Amino acid sequence: MGSVPAWARAYVACVVLLALACLAPLPHVRVSWWIVALLAVLYAGCERVTLPPRPRGAGAPGGESFQGMGTFLPVLLAGAFLLPPPAAALVALPGALLARVEQRPRGPRRVWRAAQLAVAVWAASRVHGALGGREAVATPHFPYALVPAGAAVLTFCAVLTVLDGGILALAERAPARGAWRGLFARSLAPVAVHGLAGLMMAVLWRSPYGPVAALLVLLPMYVSCWVFAQYHRERAAHQATIRALVQAVDIKDGYTRGHSERVGQASVMIARELGMDDERVEGLRFAGILHDVGKLGVPTRLLRKDGPLTPAERRVIELHPEYGHEMVRGIGFLGEARSAILHHHERLDGSGYPYGLAGSQIPEFARVVAVADAFDAMTSTRSYSRARPVPVALEELERCAGAQFDPRMVGALVRALGRHGWHPAVTADVGPSVLPGPGTPPTRPSGTVGRRAP
């Protein structure tokens with residue numbers, strides 16, 4: 001966990017200690033241990049069988065929990081409805097500790113996931129029992145049995161929301177006002193549906209039909225989770241296609257190698273500073289990564305030309321937003337990202353291209369990517385320009401705000417960089433041999449915001 005901030009490590013340690021405290025009364029709990037063992041094995045097996053793989057590098061540690069544990073929540077919630085709180089918390093541990101984890105470090109991620117699930121299930125079971133839920137399951141009287149179950153589901157969601165928001169704020173350094181935004185609302189509906197299935201399992205388990213009938217509830221849930229997994233696999237395939245397109249652009253236009261990834265990173269920083277929800281943040285990451293994909297349709301000789309571009313050549317290169325938009329038009333899940341690919345070279349005063357849009361006519365995603373694109377162009381070393389220091393680049397962006405760039409987006413980037421600094425994960429692959437010597441003028445536009453290369 002060397003790359004995880006110290007405060008995030010301390011936070012995870014506190015949640016682990018809280019989970020251990022929830023499990024501490026286990027030796028004194030009177031419970032049918034075969035029920036605990038069966039539910040734990042069921043949950044662990046279901047997690048291993050159908051948990052969809054996460055795309056590499058996608059999502060925050062906090063966000064993983066909702067996807068992973070959302071696969072077979074009925075088993076966990078049935079445990080909360082059937083068992084005392086410490087025993088219910090124990091059901092989650094084997095599945096969480098044995099589940100597949102795509103991102104590293106895998107061990108700490110498994111421990112974090114197991115701890116947060118144990119705490120959430122313990123809290124749900126505690127609330128369910130306090131409201132008479134055990135008796136309601138044993139002798140069900142609907143709709144009264146729904147009251148303690150509903151309270152338990154709300155508690156489960158609330159605990160996970162608090163814990164996930166905390167890890168997002170500390171490990172991902174998301175703004176405090178946006179770290180928890182939308183987490184509860186997005187998780188409540190699916191968890192409520194799974195809670196009903198868990199309640200059905202618990203009622204059937206205590207009925208004369210016994211555990212075998214209760215296990216039949218898992219069959220439709222298994223089918224729905226299989227469909228869910230297929231959706232994520234399809235999405236992972238889309239992301240692999242996007243990465244392949246970006247690599248193709250990097251190979252074709254060696255001057256901007258790594259540029260797309262860095263623009264995606266800067267776009268995410270702006271989006272989070274503006275308080276956008278996770279779905280739009282991810283869309284902006286895609287927009288930043290793919291903003292120059294249209295260069296695949298531009299002749300390589302123009303992209304690699306050492307001398308200045310003629311007006312005719314520049315007009316050809318200025319077609320790349322339209323080429324890019326055509327290339328990604330069929331990728332439905334990109335959503336607003338497609339408009340950013342088409343309009344990221346528009347200017348607020350209407351002097352940009354390809355359509356000369358002005359002001360609010362320019363889509364919000366395009367205004368974000370335009371700032372991120374210009375920032376990286378100025379702070380990256382290329383064959384025709386030396387990298388500018390970050391403060392100098394920000395001064396230039398602020399100077400051009402209102403005419404070329406949206407001042408709101410520029411301000412968001414300035415605040416985000418002031419809080420987190422600029423630590424791009426990918427750097428331009430340009431060797432020192434291609435840098436212009438002292439006193440040698442650059443052979444292409446110098447990368448200033450006003451006249452940077454397309």
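Two residues are in contact here when they have heavy atoms within 4.5 Å of each other. What you're looking at is a predicted model, where local features need pLDDT of at least 70 and side-chain atom pairs count only at pLDDT 80 or more, while totals for chains, interfaces and linings use all residues. Residues are numbered from 1 along each chain as its sequence is written, and side-chain values use heavy atoms, with hydrogens and water left out.

Helices are DSSP runs (H or I, at least four residues), numbered from the N terminus. Buried means under 20% relative accessible area, exposed means over 50%, and partly exposed is in between (1.4 Å probe, protein chains only).

**Val127 in helix α6**

- Let's start with Val127, which sits in helix α6 (residues 106-130).
- Val127 counts as partly exposed because its relative accessibility is 25%.
- Skip the neighbours within four places in sequence, and Val127 is in contact with Ala151, Ala152 and Thr155.
- Val127 and Val153 are 26 residues apart along the chain, and their C-alpha atoms are separated by 9.4 Å.

**A nonpolar patch around Trp226**

- Leu219, Val223, Trp226 and Val227 make a nonpolar surface patch of about 400 Å².
- To join such a patch, residues need over 30% relative accessible area and no salt bridge; nonpolar side chains (Val, Leu, Ile, Met, Phe, Trp, Tyr) are joined within 5 Å, and like charges within 9 Å.
- The areas come from the Shrake-Rupley method with a 1.4 Å probe, and for residues only the protein chains shown count as cover.
- Trp226 belongs to helix α12 (residues 218-252), and its relative accessibility of 44% makes it partly exposed.

**Helix α20, side by side**

- Which residues of helix α20 (residues 390-400) are buried? They are Ala393, Leu394, Glu396, Leu397 and Cys400.
- Looking down the axis of α20, you'd find these buried residues within an arc of 160°, so they line one face of the helix.
- That arc is taken from the directions from the helix axis to the C-beta atoms.
- A handy rule: an α-helix has 3.6 residues a turn, so residues three or four places apart point the same way.
- On the face turned away from the buried side of α20 are the exposed residues Pro391, Glu395 and Arg399.
- The cover over the buried residues of α20 includes α19 and α21 (407-420).
- Just after α20 comes Gly402, with a positive phi of about 100°.

**Salt bridges**

- A salt bridge is a side-chain nitrogen of Lys or Arg within 4 Å of a carboxyl oxygen of Asp or Glu, and by this rule the count is 11.
- Side chains of opposite charge can pair when their charged atoms come close.
- Arg415 and Glu273 form one of these bridges through their side chains (3.3 Å, N to O).
- Arg415 is in helix α21 and Glu273 in helix α13 (residues 259-273), so this pair ties together parts that are 142 residues apart in sequence.
- Glu273 is buried, with a relative accessible area of 3%, whereas Arg415 is partly exposed at 43%.
- Glu326 and Arg329 also form a bridge (3.0 Å, N to O); Glu326 is partly exposed at 46%, and Arg329 is partly exposed at 48%.
- Arg280, Glu336, Glu364 and Arg408 are linked in a network of salt bridges.

**Arg367 and Glu364 in helix α19**

- Arg367 lies in helix α19 (residues 364-379) and is buried, with a relative accessible area of 17%.
- Where does the side chain of Arg367 reach a backbone oxygen? At Ile362, at 3.0 Å.
- Arg367 and Asp406 meet in a salt bridge through their side chains (2.7 Å, N to O).
- Arg367 is in α19 and Asp406 in the loop between α20 and α21, so the pair ties together parts that are 39 residues apart in sequence.
- Both Arg367 and Asp406 are buried.

**His343 in helix α18**

- His343 is part of helix α18 (residues 337-343) and is buried at 9% relative accessible area.
- Not counting residues up to four places away in sequence, His343 touches Tyr355, Leu357, Ile362, Pro363 and Ala366.

Note on methods
Helices (H or I, at least four residues) and strands (E, at least two) are DSSP runs, numbered from the N terminus. A polar contact is a pair of N or O atoms within 3.5 Å; within protein, one must be able to donate a hydrogen and the other to accept it, and residues adjacent in sequence count only if both atoms are side-chain atoms.
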